[in-house]
Amino acid sequence: MKNSIKIERAIMGITQEELALKIGVSRQTISSIEKNRYIPSTLLALRLSQLFTKPVNAFFELEQEDEVLI
Amino acid sequence: MNLKSIAECERRNLEKMKRYRLPFGYKKIGILVIIISIIGIIINKTSIDDNLFAQVGKYGILLGLVLISLSKEKIEDELVISLKMQAYTFAFVISVILTLTNPLFTYIASIIANKPMDIFKGMGDWQILWLLLSIKLFYFEFLKRMSR
């Protein structure tokens, strides 16, 4: 799964530290999410969605290997 | 109280237990307990008294490790909880493997030392718990650094 949290954060003009504070996690967690090392929970994804005022799909995207074959 | 509400109450209590962590300050208490225990063991080495200090010190080290292990980080978020769970799993698997392969290591050591040893004596409860908690703590710190 890839994400564009870094871009969204740049649009808002806030640092990792500020974003972390707004959604109640550590700066390390934001850094891990941005580097695709950690996939956040639904709760955190929804908090980010609320903050960016965008649906979760707008900044989280499934990659080909993540997609389920129907 | 009907059966459904009892089950709901138990489920809530289990959830609370699952999420329970000691405050961050307990980490420092844990370190202090370990230091005092090690000092106790060193004192025991120099005294002619029985091994009371050594025995208490050994369990003190375990208590200290448990306190550190159960205490919260400065910011305890979902990433930290996930890393802790990974560290517990890794420590458990490694401890089981080391316990199972212990007779082999003892056998190799007996050949190298050219001294007969009881290869099926196994590890004691203290050694296993110490190993498990130490691996958990070191692997958790390693994962934390890796995730930066």
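## A residue to start from

Setting aside neighbours within four places in sequence, Leu132(B) touches Ala91(B), Phe92(B) and Ser95(B); contact here means C-beta atoms, placed from the backbone, within 7 Å. This is a predicted model, where local features need pLDDT of at least 70, side-chain atom pairs count only at pLDDT 80 or more, and totals for chains, interfaces and linings use all residues. Residues are numbered from 1 along each chain as its sequence is written, while chains are lettered from A and ligands numbered from 1 in the order in which they are written.

## The cores

Leu132(B) and Ala91(B) both belong to the largest nonpolar core, which has 11 residues, including Ile61(B), Leu83(B) and Phe140(B). A core is a set of buried Ala, Val, Leu, Ile, Met, Phe, Trp, Tyr and Cys residues joined through C-beta atoms within 7 Å. Buried means 20 or more other C-beta atoms within 10 Å of the residue's own, exposed means 12 or fewer, and partly exposed is in between.

Helices H3 (52–70), H4 (78–113) and H5 (125–146) of chain B each give two or more residues to this core, and H4(B) has the largest share, with five. Helices are DSSP runs of H or I with at least four residues, strands are E runs of at least two, and both are numbered from the N terminus. Because domain 1 (21–72) and domain 2 (75–148) of chain B both supply residues, the core lies between them. A second, separate core has seven residues, among them Val25(A), Ile30(A), Ile33(A) and Leu48(A).

## Two domains in chain B

The domain bounds come from an automatic or database assignment. Taken over C-alpha atoms, the centres of domains 1 and 2 of chain B sit 19 Å apart. Nine residues of domain 1 of chain B are in contact with eight of domain 2 of chain B.

Over in helix H2 (residues 25–46) of chain B you'll find Ile43(B). Ile43(B) counts as partly exposed because it has 13 C-beta neighbours inside 10 Å. From Ile43(B) to Ala7(B) is 36 residues in sequence and 52 Å in space, C-alpha to C-alpha.

Chain A has four helices and two strands, running β-α-α-α-α-β from the N terminus. Its C-alpha trace spans about 40 × 25 × 20 Å along the principal axes. Of its 70 residues, 20% count as buried.

As for the meeting of the chains, six residues of chain B are in contact with 10 residues of chain A.
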